[in-house]
Every structure is written in structure tokens, then in C-alpha cells.
Amino acid sequence: MTALRTQVAIIGAGPAGMFLAHMLRQAGIDAVVIERRDRAYVEGRVRAGVLEQVTVDLMHRLGLADRLVREGLVHDGTKLALDGEPFRIDLAGLTGGATVTVYGQQEVMRDLFDAAEAAGLTTVWNAADVTLDGMDGPCPVVSWRDAGGARSLTCDYVVGCDGFHGVSRHAIPAGILRTFERAYPFGWLGILADVPPADHELIYANHERGFALASMRSATRSRYYIQCGLDGDIAAWPDDRFWDELCLRLGPDAGGRVIRGASFEKTIAPLRSFVAEPMRWGRLFLAGDAAHIVPPTGAKGMNLAVSDVTMLGDALAEHYRDGSSAGIDGYSRRALARVWKAERFSWWFTSVTHRFPTMDGFDRRIQMAELEYIRSSPAAQRVLAENYVGLPLEVA
Ligand SMILES: Cc1cc2nc3c(=O)[nH]c(=O)nc-3n(C[C@H](O)[C@H](O)[C@H](O)COP(=O)(O)OP(=O)(O)OC[C@H]3O[C@@H](n4cnc5c(N)ncnc54)[C@H](O)[C@@H]3O)c2cc1C
């Protein structure tokens, strides 16, 4: 057994773990990232693609924004469509200039990993059987096995950034951890194709056959989704069937502008809302998907992971610099205040845009009335816009 020592052990090298590692390095705090998979696997996962200003700001602050500035697509509006009739939400006009930036999670991870290698951040890849001990005592220990054998890492604090299926959350005793969950009775069938997008902005479409989203990763790469059943079989969705259904749900305007091509990625993802409280127990903190999941409607998942670690990184920096525990003691409360507001928005946006199997005529007309109200009311549009671009960090 090789025994190691650091100040902060970070479990998981996804967005939460790597952003935090860079923040701690900038603050002169020693950290080790322990990841179950290898870099290629983590970087290759096709996931989020819309960055809030909070995420863009952190990339600038860490000196990681060169490619983002060159290649990211800044969007000052987004579109909704009801039964094929689109209308625009002027994000910047309604929020005093706020925008979102389209830049794929894969690109974010590449920037984080390249900079980590250049800066010599310590990352352990392919760490198996990660276990956490002593989180409620003065000397927490993280253990794992890798190619070199069994390891144990003693530290001051552990941050669980290991996603929804990780081990960290389970280190909090059942009598202390509370979880809140909503599983949705449908999923998203998503494809990537190297064709120009149908529109220069995202289109969230409510159609009586189900939800559709027209999104993109660049001016030449499109990301499209349609709502599908949970028992959906990808083999039942050859490209032609997907394109036909997408165009139908987007309506004649946007659907007529869809350029078809061979998909090179096709997956079905379930939708879930989930929150675990508290986000700190003893010397263990949780951040990102380890503590909460949102349905992807509204693109909050990765941005929430980033807002968590922005708060936590600053609190740990203050702690090591000044000896103050105020920031780390308040972390769970501050993070959860923002998390719940994003949970609410993601749940609401999912509720008004998707077809639920139990929906009857009344439910459908209420949904249509809500979208018509948003179409006609600047006040309703403003509420949507300020949530969509991301709430400020301090929302307690
Ligand atoms: C299919 C899919 C599509 C998505 N689409 C969107 C979208 O369009 N928009 C959006 O905003 N969000 C989307 N998300 C959510 C977004 O990708 C996540 O919110 C984001 O990745 C969270 O980052 P994280 O670092 O907290 O967790 P993760 O990205 O899950 O990273 C956790 C890391 O921990 C590692 N790990 C897990 N267990 C262990 C262990 N025991 N030991 C060590 N390491 C471990 C994992 O390998 C992983 O690298 C999507 C998610 C999925 C699954």
C-alpha cells in the first residue's frame, strides 16, 4: 500500500472535478484528482453544450477561454414553438444584455485537460474501487487501486465530484442524507450530425406528438433531440425515421430548413430531477451531478456543476488563506439555494414542453395556454429569459 498526502482530494475528473482542481491550483492549494476512467473516455462523452455566463466567466478567470472565445457561438436569443409556430425570446433584451454560449462539454473538457497537463495538475486515471473513510474525523482518507497497486491518500478535505453514479454521496450516513427525486415517463433520443443547423438559435418545440429540440455544437455540426418512450430501442430509429419525426415536430418553418445527413452519434437518455441534501458532511463536500440532476431541458446540468465549484473553490481558498471557515460552513446552504431554483426551472420547462402519457385534453389546453401566455407577455418572457441565461451566484 502506497500512502500519499494532499490538502484536497477530488473524486471524479468531470467538469466539476477539473474546474475545482484548476481553481485550487490558482489559489496555491495542493489537490489530487482521482478518476475511475481514462482521459479519452471522459473527454469523449457527448453531453452538455450551452454555457451560462457563470461558466464562461470561470473559464476566463482560469485563463482557459482562448478557444471558447474563438469557437463558441454567443446566442442572445432562443426560440419556442407551439405546434410548429415559432416565437423568439430576446434573451439579451429581456435581461439587460445577458447571453448564453454554445460550446460543447467535450470542448470544455479538452481545454481543462490540456491546461491541467501543462500545469502539472495531479490526476490519477483508471482508479478502481475508490473508498472514502473518516469523513467525520480530522483525517479523511481516500483509497483506491490502480496499475501501481493499492493507494491511500490522506487529506484535509474530500470533494465528491463523481457524478450521479459515484461513491461519494453514499459516504454520508443514511440518517443524515435526504434525497428528493422526480423521474419522468419519457426520454430524449439525441443525434449528432455534421450538417449546418436548421436555425442559428436553439428551438424548443412543443408538438402534440412530443417535444423536439433543434440545437447545435458549431456552424457545421447539429445536435437534435426528440422525446421518446423510456423503452425506446435505438435500432427502431434509423436516421430517416428520426429526421421525419424531427421535421414534423419542429413544424414547416424550422422543419423545412433542416438539412439531413448521416448521424454519427445516437443515444437515448432518461430524464430525472434529483437533489441530495446536505452537500457537506464533516470533511466531505459534494458538487455537481454527485448531488443533483436536472432534466436537460434548459441546459442547466453542467452549469450547476460549475456554479457549485465556483462557490466551493472560493470558500476553500478563503479557508486556506485566512483560516476562516465561514465560506465552507455556508457552502451547502448557498449551493442548494441556487440548485433548487435551477431544479424548479428545469422541471417547469420540461413540464410545459413535453407530452406526458397521462395528459388529457384539459392538461394539453393548459399547456398550450401557458405557451400562448409566454408568447404574448413580455413579463412571462422575462421570467423565462432570466432563468435560461442563469441566475446570479448569490440567490439565497
Ligand atoms: C446523456 C447525457 C446528456 C446530457 N446533456 C446535457 C445537456 O444537454 N445540457 C446540460 O447542461 N447538461 C447535460 N447533461 C448533464 C451534464 O453533462 C452533467 O450535469 C455534467 O457532466 C456534470 O458534471 P460533473 O462533473 O458533476 O459529473 P460527471 O460529468 O458525471 O463527472 C463525474 C466523473 O466522476 C467519475 N467517477 C464516477 N464514479 C467514480 C468513482 N467511484 N471513482 C472515481 N471517479 C468516478 C466519472 O467517470 C466522471 O468522469 C447530460 C448528461 C448526460 C448523462
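Mentor: Happy to! The shell around the ligand holds 29 residues, and those that come nearest are Ala16, Glu35, Arg45, Gln105 and Asp289; a residue counts as near if one of its heavy atoms lies within 4 Å of the molecule. Before going on, please keep in mind that this is a predicted model, in which local features need pLDDT of at least 70, side-chain atom pairs count only at pLDDT 80 or more, and totals for chains, interfaces and linings use all residues. Residues are numbered from 1 along each chain as its sequence is written, and side-chain values use heavy atoms, with hydrogens and water left out.

By class, the shell has 14 nonpolar, seven polar and eight charged residues; Ala, Val, Leu, Ile, Met, Phe, Trp, Tyr, Cys and Pro count as nonpolar, Asp, Glu, Lys and Arg as charged, and the others, Gly among them, as polar.

Now the polar contacts (pairs of N or O atoms within 3.5 Å). A ligand oxygen lies 3.2 Å from a polar backbone atom of Pro15, while a ligand nitrogen is 3.2 Å from a polar backbone atom of Arg36. Taken alone, the ligand exposes 1000 Å², of which the protein buries 87% (Shrake-Rupley areas, 1.4 Å probe).

Helix H1 (15-26) and H8 are the elements giving two or more residues to this shell, and H8 supplies its largest share, three residues. Helices here are DSSP runs of H or I with at least four residues, numbered from the N terminus.

Terms used. A polar contact is a pair of N or O atoms within 3.5 Å; within protein, one must be able to donate a hydrogen and the other to accept it, and residues adjacent in sequence count only if both atoms are side-chain atoms.
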